[in-house]
Amino acid sequence: MQIWNDIYNHFDPVAFKIFGFSVHWYGIMYILALLVALALAKYFVKKDRLPITDKMLDSYFFWVEVGVILGARLGWVLMYSGDAWFYITKPWQIFNPFYAGEFVGIRGMSYHGAVVGFLLSTWLFCKKYRQNLWLYLDLCAISIPLGYVFGRIGNFLNQELFGRVTDVPWAINVLGAMRHPSQLYEAFLEGFVVFIVLFVYRKYQKFQGELICLYAMLYTLARFVCEFFREPDVGLGFIFLNFSMGQILSFLMFLSACIVYLFLRKCRVKMFNNH
């Protein structure tokens with residue numbers, strides 16, 4: 001267990017260097033997350049015989065990736081950076097990968113910002129190509145969670161988003177303080193568990209849009225729980241009633257998902273009665 005406790009003292013977040021640029025494990029995990037999500041989407045399209053072509057799916061994932069990156073970065077700048085005005089007055093710094101002349105990559109991404117970017121890019125894509133919005137969102141609901149596991153493992157390997165101080169045997173030594181490996185808790189609950197539940201439930205789906213609503217509910221519940229083991233964001237701390245920003249945003253996202261779910265179910269019942 002000692003080796004595990006001190007893993008950060010023996011592990012380099014940089015996987016390798018090429019042409020003077022450092023390639024971090026986080027970047028590798030992010031790419032793996034994207035590839036896994038795309039592979040699963042293609043699998044489910046074929047397995048469940050969804051009316052989506054390979055060409056359209058590839059194009060959609062490009063749109064979504066752009067939306068997610070923009071939304072995640074802007075969300076972090078506005079909600080978590082603690083220095084939003086600096087970025088607003090110097091917008092070129094938002095995606096500047098250099099610091100003091102050294103390439104350090106882009107750090108600071110917000111999941112909830114990524115959700116906004118994801119939804120907006122999906123809506124724009126479906127509007128442009130006249131695709132079924134809910135069909136694509138439901139496909140994402142069952143394709144994204146397992147890829148999300150790699151993203152959280154990337155956070156762990158990148159030595160960021162630390163857990164709270166604890167005395168559990170599996171705690172990680174972070175600069176002399178023993179902390180929960182909360183990134184791995186999130187990988188398991190928010191990624192693996194959510195994937196398994198939706199993978200099984202998809203066969204019982206009652207209406208289009210149900211899976212994406214359930215994904216949002218399940219994810220936010222898992223995130224809310226995991227936040228109790230995760231250190232609040234630097235500069236923000238606890239926002240209200242000892243709840244973190246992540247918990248407050250998750251609560252709002254959960255309520256929104258419930259409202260959309262009830263609306264879609266009501267529309268289905270009304271349509272069924274009219275027939």
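**Close-up views of helix packing and a cavity**

Helices α2 and α6 are roughly antiparallel to each other in this predicted model.

**View 1. Helix α2 against helix α6.** Helix α2 spans residues 25–47, and its axis comes within 8 Å of the axis of α6. The two axes cross at roughly 165 degrees, and the crossing is right-handed. On the α2 side, the contact is made by W25, Y26, M29, L32, A33, V36, A37, L40, A41, F44 and V45. On the α6 side, it is made by L139, I142, S143, I144, L146, G147, F150, G151, I153, G154, N155 and L157. The residues of this contact of α2 with α6 divide into 18 nonpolar and 5 polar, with no charged residues.

**View 2. Helix α6 against helix α7.** Helix α6 (residues 133–157) packs with α7 at an angle of about 170 degrees, and their axes are 8 Å apart. Angles over 145 degrees count as roughly antiparallel, and α6 and α7 are therefore roughly antiparallel to each other. The crossing of α6 past α7 is left-handed. From α6, the residues that meet α7 are A141, I142, P145, L146, Y148, V149, R152, I153, N155 and F156. Their partners in α7 are Q183, L184, E186, A187, E190, G191, F192, V194, F195 and L198. By class, the residues of the contact of α6 with α7 are 14 nonpolar, 3 polar and 3 charged.

**View 3. Helix α7 against helix α8.** Helix α7 covers residues 182–201 and helix α8 covers residues 210–226. The pair packs at an angle of about 155 degrees, with the axes 9 Å apart. That angle makes α7 roughly antiparallel to α8. Helix α7 passes α8 in a right-handed crossing. In α7, the residues Y185, E186, L189, E190, V194, V197, L198 and Y201 take part in the contact. In α8, they meet E210, L211, L214, Y215, L218, Y219, A222, R223 and C226. The residues of the contact of α7 with α8 comprise 13 nonpolar and 4 charged, and no polar ones.

View 4. The largest cavity has a volume of about 30 Å³. Its lining consists of Y8, F156, F162, G163, I172, V174, R179, H180, P181 and Q183. Of the residues in the lining of the largest cavity, 6 are nonpolar, 3 are polar and 1 is charged.

How values were computed
Residues are numbered from 1 along each chain as its sequence is written. This is a predicted model: local features need pLDDT of at least 70, side-chain atom pairs count only at pLDDT 80 or more; totals for chains, interfaces and linings use all residues. Side-chain values use heavy atoms; hydrogens and water are left out. Axes are lines fitted to C-alpha atoms, for helices over the stretch in contact, and angles run from 0 to 180 degrees between N-to-C directions. Helices (H or I, at least four residues) and strands (E, at least two) are DSSP runs, numbered from the N terminus. Angles under 35 degrees count as roughly parallel, over 145 as roughly antiparallel, 65 to 115 as roughly perpendicular and the rest as oblique. A crossing is left-handed if the near helix is turned anticlockwise from the far one by less than a right angle, and right-handed if clockwise. Contact means heavy atoms within 4.5 Å. Ala, Val, Leu, Ile, Met, Phe, Trp, Tyr, Cys and Pro count as nonpolar, Asp, Glu, Lys and Arg as charged, and the others, Gly among them, as polar. On a 1 Å grid over the protein atoms alone, a cavity is a set of points where a 1.4 Å probe fits but cannot get out, and a pocket is an open set with protein on both sides within 12 Å along at least five of seven lines; lining residues have an atom within 4 Å of a point. Grid points are joined across faces, edges and corners, and a volume is the space filled by probe spheres set on the points.
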